[in-house]
Amino acid sequence: MPQPRIHRDTAANRPDGTSRAHAIRAAALELFTQRGYQATTMADIGAAVGVRGPSLYKHVSSKQALLAQIMIGTMDALLTAHRTAVAGTEDPAERLRRATEAHVRYHARHRLEAFVGNREIRSLEEPHSTAVLDRRDTYEKAFRELVEAGVAAGRFHVASARLASYAILDLGMGVAVWYREDGELTEDQIVYQYGDFALLLVGAG
């Protein structure tokens with residue numbers, strides 16, 4: 001992944017505490033991507049948004065809290081997107097397509113969150129580690145249940161629903177690595193084609 005630029009969001013200079021907290025989170029996300037969690041200091045994060053010393057701790061308690069906020073927020077967003085995607089249809093193939101498209105679209109739009117989420121899971125401390133891992137398990141299970149439902153309906157043909165769910169999840173994580181807005185294909189084109197790939201993976205018929 002190319003080294004991201006640190007965006008000094010002007011929101012950090014506004015009196016609104018929510019805006020400043022958002023800017024601090026955004027700076028932490030980019031620094032964790034660029035340098036890694038362990039090599040990033042709170043002073044680095046503060047410098048990126050023009051906040052020094054004690055003022056920074058008015059908005060965030062620690063570097064660990066920032067990492068947990070990013071990673072838990074990412075998983076909650078994915079779970080919400082999944083629930084929204086599959087609502088309104090009972091057709092197994094359409095539900096899997098919609099879920100895959102939502103998964104891939106999120107990873108295309110939130111590449112830094114995906115990068116940090118994959119690389120820094122080892123840096124999380126308890127109870128944050130369990131909170132993230134539990135959400136990951138729930139998310140994988142949601143895809144697995146979609147595959148199992150298709151198999152039960154005679155629509156999908158796979159030897160292992162769990163393995164199929166892992167493969168589909170990998171589709172989105174791969175997009176986060178290589179996708180660029182100015183690339184050959186648009187986001188919508190990629191999302192739709194990856195929906196096709198998911199259906200091929202499960203032998204949809």
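**Rings and helices, asked and answered**

Biologist: Tyr139 and Phe143 both sit in helix H6 (residues 128–152), four residues apart, about one turn of the helix. What is this model, and how are residues numbered?

Modeller: It's a predicted model, where local features need pLDDT of at least 70 and side-chain atom pairs count only at pLDDT 80 or more, while totals for chains, interfaces and linings use all residues. Residues are numbered from 1 along each chain as its sequence is written, and side-chain values use heavy atoms, leaving out hydrogens and water.

Biologist: Why is the pair Tyr139 and Phe143 called edge-to-face?

Modeller: Rings of Phe, Tyr and Trp (its six-membered ring) pair if their centres lie within 6.5 Å; planes under 30 degrees apart are stacked, over 60 edge-to-face, the rest tilted. Here the centres are 5.3 Å apart and the planes at 80 degrees, so the pair is edge-to-face. The structure holds four aromatic pairs.

Biologist: What makes Tyr139 count as buried?

Modeller: Buried means under 20% relative accessible area, exposed over 50%, partly exposed in between (1.4 Å probe, protein chains only). Tyr139 has 5%, so it counts as buried. Phe143, at 0%, is buried too.

Biologist: Why is H7 called roughly antiparallel to H8?

Modeller: The axes of H7 (residues 161–178) and H8 (residues 187–201) come within 10 Å and cross at roughly 150 degrees. Angles under 35 degrees count as roughly parallel, over 145 as roughly antiparallel, 65 to 115 as roughly perpendicular and the rest as oblique. That makes H7 roughly antiparallel to H8.

Terms used. Axes fitted to C-alpha atoms, helices over the stretch in contact; angles between N-to-C directions. Helix = DSSP H or I, 4+ residues; strand = E, 2+ residues; numbered from the N terminus.
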